[in-house]
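Reader: I would like to learn how to read the features of this model. Where shall we begin?

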Amino acid sequence: MTAVTFEDSGLGQWTEDEVFEVTAERIAEYAAATNDPIEAHLEGEIAPPVFAVVPTFFSMAPAALEVAPVSLLMKLVHGEQDFHFHRPIRPGDVLTCKARATGYATLSTGSTVVVYAESRDQDGELVNEQWITAFFRGVDAGQTVGDLAPGHALAEEVTATAPVARVTQHVDEDQTFRYSPASGDPMPIHLDEEIAQMSGLPGIINHGLCTMAFTSWAALQELAGGDVNRLKRFAVRFAKPVLPGQDMTTSFWQLDDATVEAGTAAYGFQTAVGDDLVIRDGLAVFTD
């Protein structure tokens, strides 16, 4: 791995506020771009859970690059995403979003920077919190510093049992071209075959957050009657990319009561394309 110096002074530095006005049209566009079948989402009445990343999108990379050198931008990939919901996003919300790096770590295959982001409404009330783990492959930061993201590992003994639900979903050939404008994510590896291959990928790959959005509506439908109001936490670790045209299957396991906060039900999950896991260590927590 290549030794790189990360800047400790960048930890805790908030990005500038980003203000985002939520409309029913933008919610509906996002729901359609993620093949979400839940009517309230498609009508723009209430936002799907992963829509929460849209207002914070342009705060994430700047926060990570307060710590990692800007020269590493093209090496940045999304390692993990962890949403904590205080309430769903609704049309008419005016959200103020900001982010800061909280810590970084060196792993056997690269280094990570953890970014914390928050969204508050026009009354200053917290709407959601997010922990984003950016991964830089082949980079050695040399140490682990600061606060890392909350854990959400899924034990092997859980996945060895029969799941309580299993959902298979199809990623459309044009999925990335619909998701990109709906989410505001312009990264060319999702839109340009040549650039994707130059980056070492087999071709255009689905956005990780689009894959996550698929798993979120599967969880809502199977475990919460389609009610996004009940979802309190949703976290994943991205393992491998999903390609347009592929089918993916998500399996859910209810977690033991001893590990679950009172008044909630928690489920672990993982998503596979064939025999390959594309999402690991999934966690969905609902109010009872």
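Author: Begin with contact, which means heavy atoms within 4.5 Å. This is a predicted model: local features need pLDDT of at least 70, side-chain atom pairs count only at pLDDT 80 or more, and totals for chains, interfaces and linings use all residues. Residues are numbered from 1 along each chain as its sequence is written, and side-chain values use heavy atoms, with hydrogens and water left out.

Reader: Which residues is N206 in contact with, leaving aside its neighbours within four places in sequence?

Author: N206 is in contact with V171, Q175, T176, H190, T211, V242 and P244, with those neighbours left aside. N206 is found in the loop between α6 (193-198) and α7. Helices (H or I, at least four residues) and strands (E, at least two) are DSSP runs, numbered from the N terminus.

Reader: Is N206 buried or exposed?

Author: Buried means under 20% relative accessible area, exposed over 50%, partly exposed in between (1.4 Å probe, protein chains only). N206 has a relative accessible area of 3%, so N206 is buried.

Reader: Which residues other than glycine take a positive phi?

Author: Take two cases. N35 has a positive phi of about 60° although it is not a glycine. N35 lies in the loop between α1 and α2, just after α1. Its relative accessible area is 22%, so N35 is partly exposed. D281 is the second case: its phi is near 55°, a positive value in a residue other than glycine. D281 lies in strand β13 (residues 276-287). At 16% relative accessibility, D281 counts as buried.

Reader: How do I read strand pairing?

Author: Two strands pair if DSSP finds at least two bridges between them. Strand β3 (residues 76-85) pairs with strand β6 (residues 126-137) in the antiparallel sense, over nine bridges. There L76 stands opposite F136. β3 also pairs with strand β10 (residues 231-238) in the antiparallel sense, over five bridges. There D82 stands opposite A235.

Reader: What should I look for in a nonpolar core?

Author: In soluble globular proteins, nonpolar side chains tend to be buried together. A nonpolar core is a set of buried Ala, Val, Leu, Ile, Met, Phe, Trp, Tyr and Cys residues joined through side-chain atoms within 4.5 Å. The largest one here has 71 residues, of which F6, F51, V113 and F286 touch the most other members. α7 gives the most to this core, with ten residues. Apart from it lies another core, of seven residues, among them L154, A235, W253 and L255.

Reader: What is V113 in contact with?

Author: Leave aside its neighbours within four places in sequence. The contacts of V113 then include F6, A64, V67, Y104, I132 and F136.

Reader: How many aromatic pairs does the structure hold?

Author: Rings of Phe, Tyr and Trp (its six-membered ring) pair if their centres lie within 6.5 Å; planes under 30 degrees apart count as stacked, over 60 as edge-to-face and the rest as tilted. The structure holds 13 aromatic pairs. One joins W14 and Y116: the ring centres are 6.1 Å apart and the planes at 65°, so the pair is edge-to-face. The pair links distant parts of the chain, 102 residues apart: W14 is in the loop between β1 (2-3) and β2 (18-21), and Y116 is in strand β5 (residues 110-120). W14 counts as partly exposed, at 35% relative accessibility. Y116 is buried, with a relative accessible area of 8%. Ring pairs also link F20, Y30, F51 and Y179 into a cluster.

Reader: How many disulfides does the structure hold?

Author: A disulfide is a covalent bond between the sulfur atoms of two cysteines. The test is a pair of cysteine sulfur atoms within 2.5 Å. The structure holds zero disulfides. C97 counts as buried, at 0% relative accessibility. C210 counts as buried at 0% too.
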